[in-house]
Amino acid sequence: RTSTIISHERSSVVLAMSSMITQAVQATAVLSAVLWFKVFATNIGLGGAKNNAGTRPAEDTYQKDAAVATEEDKTNLDRAQRIVNNDLENIPYTMVLAWGSIYCIGTVGASADSNALAHIVFYTIFVVCRFAHSIVYIKGLSTARSIVWLFGVICSFGIAINGAIASFK
C-alpha cells in the first residue's frame with residue numbers, strides 16, 4: 001500500500017508540471033544540444049586554422065609548414081582561438097545556469113509559467129547571440145561583436161535571476 005501511495009504521489013508531481021514548463025524543459029534540452037554542436041564546430045574550425053598556420057603538433061605531417069603560412073593564416077588562427085576561448089568563458093556557465101534555473105522553475109510548478117516563458121526567451125536569445133558572436137568575430141566587426149556579447153551576457157544574468165525568482169514562488 002505504501003508503494004502505491006508513493007507511486008501515486010510521484011504521478012501527481014509529474015502531472016502537475018504545466019505545459020509551459022514542459023516546453024521550457026524541452027527548449028532547454030534542444031538549445032543545449034545546439035550550443036554543444038556550435039562548440040564542436042568552432043573547435044573543428046580552430047583545428048583547421050592551426051593546420052593552415054602550421055601550428056599543429058609536429059607529428060601532424062599533413063599540415064601546412066609554418067614557414068609558408070601567410071599573415072592571413074595567422075590572423076585566422078588568432079580569431080579562431082579567441083572564438084573558442086570566448087565560448088569556453090560563456091557557454092558552459094550559462095548552460096549550468098539554464099539547467100539550474102529550469103530545475104527551480106520546474107519544482108515550483110504551474111505558478112511559474114511566466115518564469116518558464118522568460119527562461120525560453122532568455123536562453124534562445126543567448127544561443128542566437130553566441131552564434132552571432134562567432135560570425136561577427138570571424139568578419140572582424142568589433143562593435144557588433146561587443147553588442148551581441150553584451151546581449152548574451154545580459155541573458156545569462158536573466159536566466160540566473162529568473163530561476164532564483166521562481167524558486168521563491
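Tutor: Let us begin with a term: a residue counts as buried when its relative accessible area is under 20%, as exposed when that area is over 50%, and as partly exposed in between. Please keep in mind throughout that this is a predicted model.

Student: OK, so which class does Asp-60 fall into, buried or exposed?

Tutor: Asp-60 has a relative accessible area of 13%, and because that is under 20%, Asp-60 is buried.

Student: And what does the side chain of Asp-60 meet?

Tutor: The side chain of Asp-60 meets that of Arg-56 in a salt bridge, with 3.0 Å from N to O. Arg-56, at 26% relative accessibility, counts as partly exposed, whereas Asp-60 is buried.

Student: How many salt bridges does the structure hold?

Tutor: The structure holds six salt bridges. One of them joins Lys-64 to Asp-73, where the closest N and O atoms are 2.8 Å apart. Here Asp-73 is buried, with a relative accessible area of 11%, while Lys-64 is partly exposed, its relative accessible area being 31%.

Student: What about Arg-82, which residue does its side chain meet?

Tutor: The side chain of Arg-82 meets that of Asp-78 in a salt bridge at 2.9 Å, N to O. Arg-82 and Asp-78 are four residues apart in helix 3, so about one helical turn separates them. Both ends of this pair are partly exposed, since Arg-82 has a relative accessible area of 43% and Asp-78 is at 37% relative accessibility.

Student: Which residues are linked in a network of salt bridges?

Tutor: Lys-38, Asp-87 and Arg-130 are linked in such a network.

Student: At what angle do helix 2 and helix 3 pack?

Tutor: Helix 2, which covers residues 19-53, and helix 3, which covers residues 71-108, pack at an angle of about 165 degrees, and their axes are 9 Å apart. Because angles over 145 degrees count as roughly antiparallel, helix 2 is roughly antiparallel to helix 3. Their crossing is left-handed, and the residues of the contact between helix 2 and helix 3 divide into 19 nonpolar, nine polar and four charged.

Student: How far apart are the axes of helix 3 and helix 4?

Tutor: The axes of helix 3 and helix 4 are 11 Å apart, and the two helices pack at an angle of about 175 degrees. That angle makes helix 3 roughly antiparallel to helix 4. By class, the contact of helix 3 with helix 4 has eleven nonpolar, eight polar and four charged residues.

Student: And helix 4 with helix 5, what's the angle there?

Tutor: Helix 4 and helix 5 pack at an angle of about 160 degrees, with 8 Å between their axes, and this makes helix 4 roughly antiparallel to helix 5. The crossing of helix 4 and helix 5 is left-handed, and the residues of their contact divide into 17 nonpolar, seven polar and two charged.

Student: Switching to the core: how many residues has the largest nonpolar core?

Tutor: The largest nonpolar core has 20 residues, and those with the most contacts inside it are Leu-35, Ile-91, Ile-105, Tyr-123, Phe-126 and Val-127. The elements that give two or more residues to this core are helix 2, helix 3, helix 4 (113-138) and helix 5 (142-166).

Student: Which helix does the largest share of this core come from?

Tutor: The largest share comes from helix 2, which gives six residues to this core.

Student: One last thing, where does Ile-135 lie?

Tutor: Ile-135 lies in helix 4.

Conventions
Residues are numbered from 1 along each chain as its sequence is written. This is a predicted model: local features need pLDDT of at least 70, side-chain atom pairs count only at pLDDT 80 or more; totals for chains, interfaces and linings use all residues. Side-chain values use heavy atoms; hydrogens and water are left out. Axes are lines fitted to C-alpha atoms, for helices over the stretch in contact, and angles run from 0 to 180 degrees between N-to-C directions. Angles under 35 degrees count as roughly parallel, over 145 as roughly antiparallel, 65 to 115 as roughly perpendicular and the rest as oblique. A crossing is left-handed if the near helix is turned anticlockwise from the far one by less than a right angle, and right-handed if clockwise. Ala, Val, Leu, Ile, Met, Phe, Trp, Tyr, Cys and Pro count as nonpolar, Asp, Glu, Lys and Arg as charged, and the others, Gly among them, as polar. A salt bridge is a side-chain nitrogen of Lys or Arg within 4 Å of a carboxyl oxygen of Asp or Glu. Buried means under 20% relative accessible area, exposed over 50%, partly exposed in between (1.4 Å probe, protein chains only). A nonpolar core is a set of buried Ala, Val, Leu, Ile, Met, Phe, Trp, Tyr and Cys residues joined through side-chain atoms within 4.5 Å.
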